[in-house]
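Colleague: Hi! I'm new to this one, could you walk me through it?
Modeller: Happy to. Let's open it up and start with a single residue.

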Amino acid sequence: MFSVSLGGAARLAPLEVWHAEEFAGHLDRAREHIRPWVGPAFVTDDTEGARATLQRYAARQADDGARLYGIWREEVLVGGVMFTDFDAAFGNCEIGCWLEPSAEGHGLITRACGLLLDWAFTTRGLHRAEWHCRADNQRSAAVAERLGMTLEGVRREAWPYGGVRHDKQVWAILAPEHHGSGRSRGQDAG
Ligand SMILES: CC(C)(COP(=O)(O)OP(=O)(O)OC[C@H]1O[C@@H](n2cnc3c(N)ncnc32)[C@H](O)[C@@H]1OP(=O)(O)O)[C@@H](O)C(=O)NCCC(=O)NCCS
């Protein structure tokens, strides 16, 4: 299938319904790591649950909405990035991401999200991309910052998890503020 190199042995490619078993196996490695930080519907327990997530994204993509991409490292699915929201008419989108623990710390997410921003702003002509994260999710906020996003505000106690309502940060970048993913500058994210 078509894929884009993320440097080293890593690549980004569409994550589709036919990957359901592979996605479920990956979630077994990622589930407890991502559970506190992502939407509950994304944290499924078996292949049918994983398939339902992939089908939900496929249906929304067919409507030019949300989209899901996997990151494979040495041909193992280790995480991914997505447009959790994509509204071409209004020129707005929202980007999300996750990794299993073994894949953290290599710049894979920063590189992959840069490619999503390139596509949204350059190919599709969108104007604004948002990033939502729990205010205590430092690794996620660090990605937003590396992508050149601005912290626009905090939605107080908007994120219920484990019986506690957490603050949620809203970061965003506008098309003229995005200077490309760096792919052409030859950065390596092995
Ligand atoms: C959020 C999450 C995806 C971030 O992963 P990450 O590995 O920190 O982010 P990146 O892949 O961009 O890698 C950045 C790290 O790689 C390092 N790195 C190495 N090469 C790099 C490169 N070429 N470019 C950028 N960073 C690079 C950076 O220094 C940084 O490491 P550090 O945090 O130790 O300083 C991950 O922590 C995760 O899955 N968390 C749980 C789920 C979650 O929170 N999802 C987001 C919900 S809002």
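Colleague: Is Glu-75 buried or exposed?
Modeller: Glu-75 is exposed, because its relative accessible area is 51% and the cut-off for exposed is over 50%. Keep in mind that this is a predicted model.

Colleague: Thanks! And where is Glu-75 placed?
Modeller: You'll find Glu-75 in the loop between S3 and S4. Its phi is positive, about 65°, although Glu-75 is not a glycine. For background, most residues other than glycine have a negative phi.

Colleague: Which other residue has a positive phi although it is not a glycine?
Modeller: Take Glu-157, with a phi of about 55°. Glu-157 sits in strand S7, residues 150–161. Glu-157 counts as partly exposed because its relative accessible area is 48%.

Colleague: Okay, new topic. What does UniProt list for residues 15–171?
Modeller: The UniProt record, an unreviewed entry, has "domain: N-acetyltransferase" there. Across residues 15–171 the chain is 36% helix and 34% strand.

Colleague: Now pockets. How much space lies in the largest pocket?
Modeller: About 940 Å³. Its lining takes in 40 residues, and those nearest the centre are Trp-37, Val-38, Gly-96, Cys-97 and Trp-98.

Colleague: What volume does the second largest pocket have?
Modeller: The second largest pocket has about 240 Å³. It is lined by 14 residues, with Val-4, Leu-12, Tyr-69, Leu-116 and Trp-119 closest to its centre. Strand S2 (10–14), strand S3 (67–73) and H3 each give two or more residues to this lining. By type, the lining of the second largest pocket holds 10 nonpolar, two polar and two charged residues.

Colleague: Let's move to the ligand. How many residues surround the ligand?
Modeller: 23 residues do, and the closest are Leu-99, Glu-104, Gly-105, Thr-110 and Asn-137.

Colleague: Which polar atoms of the protein lie by the ligand's oxygen atoms?
Modeller: A polar side-chain atom of Glu-104 is 2.4 Å from a ligand oxygen atom. From Gly-107, a polar backbone atom lies 2.9 Å from an oxygen atom of the ligand. In the side chain of Arg-139, an N or O atom is 2.8 Å from an oxygen atom of the ligand.

Colleague: Nice. Where is Gln-169 placed?
Modeller: Gln-169 belongs to strand S8, residues 164–174. Gln-169 counts as buried because its relative accessibility is 11%, and the cut-off for buried is under 20%. Its side chain makes a polar contact of 2.8 Å with the side chain of Trp-171.

Colleague: Last one: how far apart are Arg-60 and Phe-86?
Modeller: In sequence they are 26 residues apart, and in space 9.2 Å from C-alpha to C-alpha. Arg-60 is in helix H2, and Arg-60 is partly exposed, with a relative accessible area of 34%.

Notes: Residues are numbered from 1 along each chain as its sequence is written. This is a predicted model: local features need pLDDT of at least 70, side-chain atom pairs count only at pLDDT 80 or more; totals for chains, interfaces and linings use all residues. Side-chain values use heavy atoms; hydrogens and water are left out. UniProt positions are given in the numbering used here, feature names are shortened, and annotations may be inferred rather than shown by experiment. Helices (H or I, at least four residues) and strands (E, at least two) are DSSP runs, numbered from the N terminus. On a 1 Å grid over the protein atoms alone, a cavity is a set of points where a 1.4 Å probe fits but cannot get out, and a pocket is an open set with protein on both sides within 12 Å along at least five of seven lines; lining residues have an atom within 4 Å of a point. Grid points are joined across faces, edges and corners, and a volume is the space filled by probe spheres set on the points. Ala, Val, Leu, Ile, Met, Phe, Trp, Tyr, Cys and Pro count as nonpolar, Asp, Glu, Lys and Arg as charged, and the others, Gly among them, as polar. Buried means under 20% relative accessible area, exposed over 50%, partly exposed in between (1.4 Å probe, protein chains only). A residue is near a molecule or strand if one of its heavy atoms lies within 4 Å of it. A polar contact is a pair of N or O atoms within 3.5 Å; within protein, one must be able to donate a hydrogen and the other to accept it, and residues adjacent in sequence count only if both atoms are side-chain atoms.
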